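Let's take a look at charged side chains and who pairs up with whom. Keep the structure open while you read.

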Amino acid sequence: MLRVFIQNKYTILLCIVLLNVISAPFFSDSDHPGVFFNTTFSLIILTAVLSVIDDKTLSQAASIALMLPCLFFVWQAYFYIIEEHMLMASAVVQAIFLAYMSLLIILFIFRAPVVTRDLVSAALVVYLFLAMFFAKLYLILELAYPGSFSLSHEVIRDKPGLLRYFSMVTLSTLGYGDLSPVNDKSQTLAGIEAIFGQIYLAVLIARLVGMQGASIKRFSKK
């Protein structure tokens, strides 16, 4: 079982992320809409840490140190009344966690000698993590500067998942226009995300194609 996980860790992580992203909205009308989202997001956190953790003590300590407060903030609503300062703290901690996990996975991608299914899955995980990361930044911005988006502050505060939707359509430069940034701060951040998403895809494709070409050359020489 452990060997299967190690060989397919990023593929497993990608499946959990997709389960969280795609399935969570269908549970929004249930009696406990947050349970499914929180459960799958907790699995994302745990699986991500297990995937990136290596033999380096510093990496292990940093991953675990970020994981624990993330898990606390994911489930805090079931123990405390969520106030805006707690929502802000949760968004900050989760943004740092997503950024750190993305960095470690990117390092894994650029250090890999050959292209594998798990490597491609790792690249897709980073892309989805970027969308989640910017969603947290948007939430931080809205809490710090209420009215940064076209929807009311109360709606966004009560349904922060709307910002993840906005982040995804911005990262992919789709942009339906139903939710939009309305001040210079949110507009700048949205522009940065759109540019970053395109740069990431361009660099990623170039890297994977280059790795595949190098692998073919090595194989042909043999």
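## Arg157 and Glu84

In this predicted model, Arg157 makes a salt bridge with Glu84, and their closest N and O atoms sit 3.4 Å apart. Arg157 belongs to helix α7 (residues 153-158), while Glu84 belongs to helix α5 (residues 84-111), so this pair ties together parts that are 73 residues apart in sequence.

How exposed are the two partners? Arg157 has a relative accessibility of 31%, which makes it partly exposed. Glu84 is partly exposed too, with a relative accessible area of 29%. For both, the values fall between the 20% limit for buried and the 50% limit for exposed.

Asp158 counts as exposed because its relative accessible area, 55%, is over 50%.

Which residues end up joined into one network? Glu84, Arg157 and Asp158 do, through salt bridges that share partners.

## Lys185 and Asp184

There's another pair to find: Lys185 forms a salt bridge with Asp184. Here the closest N and O atoms are 3.9 Å apart, which still counts because the cut-off is 4 Å. Lys185 is partly exposed, at 36% relative accessibility.

## The whole count

Note on methods. Residues are numbered from 1 along each chain as its sequence is written. This is a predicted model: local features need pLDDT of at least 70, side-chain atom pairs count only at pLDDT 80 or more; totals for chains, interfaces and linings use all residues. Side-chain values use heavy atoms; hydrogens and water are left out. A salt bridge is a side-chain nitrogen of Lys or Arg within 4 Å of a carboxyl oxygen of Asp or Glu. Helices (H or I, at least four residues) and strands (E, at least two) are DSSP runs, numbered from the N terminus. Buried means under 20% relative accessible area, exposed over 50%, partly exposed in between (1.4 Å probe, protein chains only).
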